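Please look over the sequence and the structure below before reading on. The text that follows takes up helix packing and then domains.

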Amino acid sequence: MLENLKKYTQIIPSAFGLDISDSSVKFVQLSKERRGFGISMFGEKFIPEGAVSRGLIKEPQEISKILTTVFEKFKNSGLSEYAILSLPDEQTFLQVISLPFLSDEELESAIFVEAERNIPIDLDDAYLDYFILEKNGDTLKILLAAANKSVVDGYIKVVVDAGLKPVVIEPEVIAIARSIVSEKEKNNAMIIIELGANRTRLIGYSNYGANRTSSIDFSAEYINNLVVKELKISLQEVKKLNWDVNLLQDPKYGALIKKVIEKPLSDLAKAVKNNITSWDSDEFKINSIKRIVLSGGGASIPSITEKISSLVGIPTDIGNPIQNIRGGKNIPMSQKTSLLFTTALGLAFRGSNLDERNIYKDFV
Ligand SMILES: Nc1ncnc2c1ncn2[C@@H]1O[C@H](COP(=O)(O)OP(=O)(O)OP(=O)(O)O)[C@@H](O)[C@H]1O
Ligand SMILES: [Mg+2]
């Protein structure tokens, strides 16, 4: 009892953000400072090809081993044993529904009926969660989120096997929005395009949060491979080219790279516009969306913002995922790096805001 009490009252580093993608494991630990939060550590460890595929953990022992290495290396420097995880978009089903105002009990069963109607997986084998986005007169707008139990349990198992304690697992688009949407924009309608190594997601954010998603056939690795073919250099060398505007002025490669990215960027912009239009939603009309914000490694592709803003017709910028860690002095991360850590930062930010007493007591 006394031992438990001692553990309970000691200061636990708040849970860290852990983003497992098809290519790497990324982590971010925030620490409380006098004003706001600082980033006390962050890192990325690449994982062997195929160990995670389209968000499914195919080689759990491999992933656990990598997580164990990370945890063992950083725990003495203050990496928490509590982790906040994200579930990749491919494995998460989100749907916004409207329901009349109901009692709590009626609401639960109405939600289940609506989920069965709207979510394309067997709910007997799924975890289902919901969040009330808006109460408007007699109507409730509710976000449903579901994922196959086996997928979620797979994520939990690799983390637990590495000696970590998963306290929250949430859809990655929610973590991305937490990083990208600034406090002063939180009532606007905007689009986030997360351009990762393996995939691109389009996220519709409105005054009540991230509530629409589509995936687009584009990725940073797709561009890297096109550049490999055109420049006839290895993928490793292509990855060393630093994506920024100056790259297009490079005397050796500039013109070739410009040629390679021209069509894929146009196709991406067209797909963005088509997807937003296909949502056919009042919040996300092209002329009511204030801004498009890009995140993920692919956000640094030269000329991408100009291409999207001119073809979609919405002002487009690169995101600044550390903007919400307000007041902290210790932010040893450039904006460019932070774009790769958008998800992990959003998860860590949630970790730093958890009510410790409630969350951690179950683990003491
Ligand atoms: N400054 C840069 N210069 C060149 N390439 C970059 C740069 N920054 C990122 N990249 C590319 O971005 C990709 C990594 O992006 P990111 O870390 O967002 O992907 P991921 O999270 O691993 O993948 P996903 O979320 O799609 O599963 C790699 O393909 C990398 O080559
Ligand atoms: Mg990613």
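**Helix packing and domains**

Helix α8 passes helix α9 in a right-handed crossing, a crossing being right-handed if the near helix is turned clockwise from the far one by less than a right angle, and left-handed if anticlockwise. This is a predicted model, in which local features need pLDDT of at least 70, side-chain atom pairs count only at pLDDT 80 or more, and totals for chains, interfaces and linings use all residues. Residues are numbered from 1 along each chain as its sequence is written, chains are lettered from A and ligands numbered from 1 in the order in which they are written, and side-chain values use heavy atoms, without hydrogens and water.

Helices (H or I, at least four residues) and strands (E, at least two) are DSSP runs numbered from the N terminus. Two packed helices are described by the angle between their axes and the distance between the axes. Axes are lines fitted to C-alpha atoms, for helices over the stretch in contact, and angles run from 0 to 180 degrees between N-to-C directions.

The axes of α8 (residues 254-279) and α9 (residues 304-312) cross at roughly 45° and come within 9 Å. That makes α8 oblique to α9; angles under 35 degrees count as roughly parallel, over 145 as roughly antiparallel, 65 to 115 as roughly perpendicular and the rest as oblique. From α8, E262, L265, S266, L268, A269, V272 and K273 meet I304, K307, I308, L311 and V312 of α9, where contact means heavy atoms within 4.5 Å.

Helix α8 also packs with helix α6 (residues 220-231), at an angle of about 140° and with the axes 10 Å apart. That makes α6 oblique to α8. The crossing of these two helices is right-handed. Their contact includes Y222 and I223 of α6 and L256 and I257 of α8.

Another pair is α5 (residues 172-180) and α11 (residues 342-352), whose axes lie 7 Å apart at an angle of about 85°. α5 and α11 are therefore roughly perpendicular to each other. Among the residues that meet are E172 and A175 in α5 and T342 and T343 in α11.

The domain assignment, automatic or from a database, gives domain 1 (2-87 + 150-173 + 342-363), domain 2 (91-148) and domain 3 (183-318). In domain 1, 10 residues are in contact with seven residues of domain 2.
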